[in-house]
Amino acid sequence: MPKLIDKAVRERWVGEAAWRVVVRDGITKLSVRNVAAEAGITAGSLRYLFPTQETLRAYVLDLVRQKVVDRIAATQPRQSIRLTVDSYFSQLLPLDAERRVEMEVFLSVGVLAFTDPVLRPAYERAHRDLQEGCRQILALLATDPRYAELDPEAETARTHAIIDGFALHLIRQHQDEDNDWAMKELARHLDSLATDIGV
C-alpha cells in the first residue's frame, strides 16, 4: 500500500482486512498481527492507525455503520414513495454477500461491546443510527397519502425490532437458502401501517 495514501483510506483498508479475518477465522483471531498480515502492512504501521486492539474493534463496528449510511445515501428514489421506502429498508438487511459480511462482522464484534467499555460507544452509535434510520424512512412513508395516519415516532421501535429480527434470521440461514421471505414479511408489516391498503 502506498505510504502517502490518505489516513482515512488506510484506516478503511485495515478495517476491511479485519472484516475478512473475522468472517474467515472468527472473532478470536482478530489480533493486530493477523489483521496486519491480512492488510499487507507491518504490525507497527497498524498500531500507528489503531494503537490498541480495542480501538481497532471500535473502528470495525463504525465501518459497518458507515457502509450502511453510504449505501442508503447512494440509493436512488424509485417510482413511488412506497417502492423507495422498500429499497431503503432493504439496505438494512443482509440480502446479498456484501451485506451478509457486514452483519456477520457486526454481530461477532458487537457482542464484545457488552463487556468492553471502549467498544460500547461504537456499538451504541450503530444502534442509534439504525433506529434513527428507521424513523426517517417511516417519516418518508408518512408522506404517502395511503399512510396519512402513520405516526413515525410511535412505529419506529417496532419497525427497528422487526428489521433486527429479520437480519438475525437471515444470518442464521444458509447462504444458499431463499431470502425473499424477508422483504415479503417487511411488505406485510408496512402494509399494516397503511390507512387504507385498498386505495
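Predicted model: local features only at pLDDT ≥ 70, side-chain atom pairs only at ≥ 80, totals over all residues.
Overall dimensions came next. I found that the C-alpha atoms fill a box of roughly 60 × 35 × 30 Å along the principal axes, and that 42% of the 199 residues of the chain count as buried.

I then looked up the loop between helix H1 (7–25) and H2, where Ile27 is found. With a relative accessible area of 21%, Ile27 is partly exposed, because buried would require under 20%. I also took the separation of the C-alpha atoms of Ile27 and Arg10, which is 21 Å for two residues 17 apart along the chain.

Which residues of helix H2 (residues 32–39) are buried? I listed Val32, Val35, Ala36 and Ala39; seen down the axis of H2, these buried residues fall within an arc of 100°, so they line one face of the helix. On the face of H2 turned away from the buried side I noted the exposed residues Arg33 and Ala37.

My last entry concerns the loop between helix H8 (152–172) and helix H9 (180–192), in which I located Glu177. Glu177 counts as partly exposed, at 42% relative accessibility, and together with Asp176, Asp178 and Asp180 it gathers in a patch of negative charge on the surface.

How values were computed: Residues numbered from 1 in each chain as written. Heavy atoms only, no water. Patch = residues over 30% accessible without salt bridge, like charges linked within 9 Å, V, L, I, M, F, W, Y side chains within 5 Å. Areas by Shrake-Rupley, 256 points an atom, 1.4 Å probe, with all protein chains shown as cover. Salt bridge = Lys/Arg side-chain N within 4 Å of Asp/Glu carboxyl O. Lys, Arg positive; Asp, Glu negative; His and termini not counted. Charge placed at Lys NZ, Arg CZ, Asp CG, Glu CD. Helix = DSSP H or I, 4+ residues; strand = E, 2+ residues; numbered from the N terminus. Buried < 20%, exposed > 50% of the residue type's maximum accessible area, 1.4 Å probe, protein only. Arc of directions from axis to C-beta.
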